[in-house]
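Open the model in your viewer and keep the selection panel at hand.

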Amino acid sequence: MKRDDYADIPPSDFEIRSMFEGDDALGVILKGHLYVEHFVSLVLSRVPALKADAAFRLSFAQKIDPAVEAGIIPADEKRTFVLINQIRNRFAHQPRSYFSEDDADAIWKALSPRMIDSFAIAGRPGPEYFDLPLDLFKCCIIVMCSILASELPSRR
């Protein structure tokens, strides 16, 4: 088995939800970002103008604009992807980072109407419906992965 044998397989709903159990903020932020990035790479790899392996070699920040240009990420959702990446970078490079109410508020304000609708369907129609700021981040990751997964062809 090679290192990248599973690179073209998206994470399952179970994997996405279970990755948050028992993790501290660092684990949640890094794992959440990792799964969103993987989905973006998978969807981008199906764009004819990009070579499949090129999508996996780009940094997350380098993937956002091509994904918007290809219509994978709607323009009104770009800010959310940028913000998730900025938060991830802060956690990856600053040892005392924490996820604050300000971070949760910034994410909420960056969400598109489609994303807010997904939150509402999950019973979370506003930021005040989360016990902890990090719970909003978790829900955002689940929504982002769900939206991106819908762009992939069915595995049936």
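Start by selecting Glu-101, Ala-104, Ile-107 and Trp-108 in α6, which meet Pro-133, Leu-136, Phe-137 and Cys-140 in α8. Contact here means heavy atoms within 4.5 Å. Helices (H or I, at least four residues) and strands (E, at least two) are DSSP runs, numbered from the N terminus. The residues of this contact divide into 7 nonpolar, no polar and 1 charged. Ala, Val, Leu, Ile, Met, Phe, Trp, Tyr, Cys and Pro count as nonpolar, Asp, Glu, Lys and Arg as charged, and the others, Gly among them, as polar.

Before moving on, two notes on the source. This is a predicted model: local features need pLDDT of at least 70, side-chain atom pairs count only at pLDDT 80 or more, and totals for chains, interfaces and linings use all residues. Residues are numbered from 1 along each chain as its sequence is written, and side-chain values use heavy atoms, with hydrogens and water left out.

Zoom out to the whole protein. It has 8 helices and 0 strands. Buried residues (under 20% relative accessible area, 1.4 Å probe, protein chains only) make up 42% of its 156 residues.

Next, the largest nonpolar core. Such a core is a set of buried Ala, Val, Leu, Ile, Met, Phe, Trp, Tyr and Cys residues joined through side-chain atoms within 4.5 Å. Select Val-36, Phe-81, Phe-99, Ile-107, Phe-119 and Phe-137: of the 42 residues in this core, they touch the most other members. Colour α2 (25-44), α4 (60-69), α5 (78-93), α6 (101-110), α7 (113-121) and α8 (133-149), the elements that give two or more residues to the core. α8 gives the most, with 11 residues.

Which residues is Phe-81 in contact with, leaving aside its neighbours within four places in sequence? Select Val-36, Val-40, Phe-60, Ile-64, Ile-73, Met-144 and Leu-148.

Last stop: Ser-97, in the loop between α5 and α6. Its side chain reaches the backbone oxygen of Gln-94 at 3.1 Å. A polar atom of the Ser-97 side chain also lies 3.1 Å from the backbone oxygen of Arg-90. Beyond its neighbours within four places in sequence, Ser-97 is in contact with Arg-90 and Phe-91.

Key:
Buried < 20%, exposed > 50% of the residue type's maximum accessible area, 1.4 Å probe, protein only. Polar contact = N/O pair within 3.5 Å; in protein donor to acceptor, adjacent residues only side chain to side chain.
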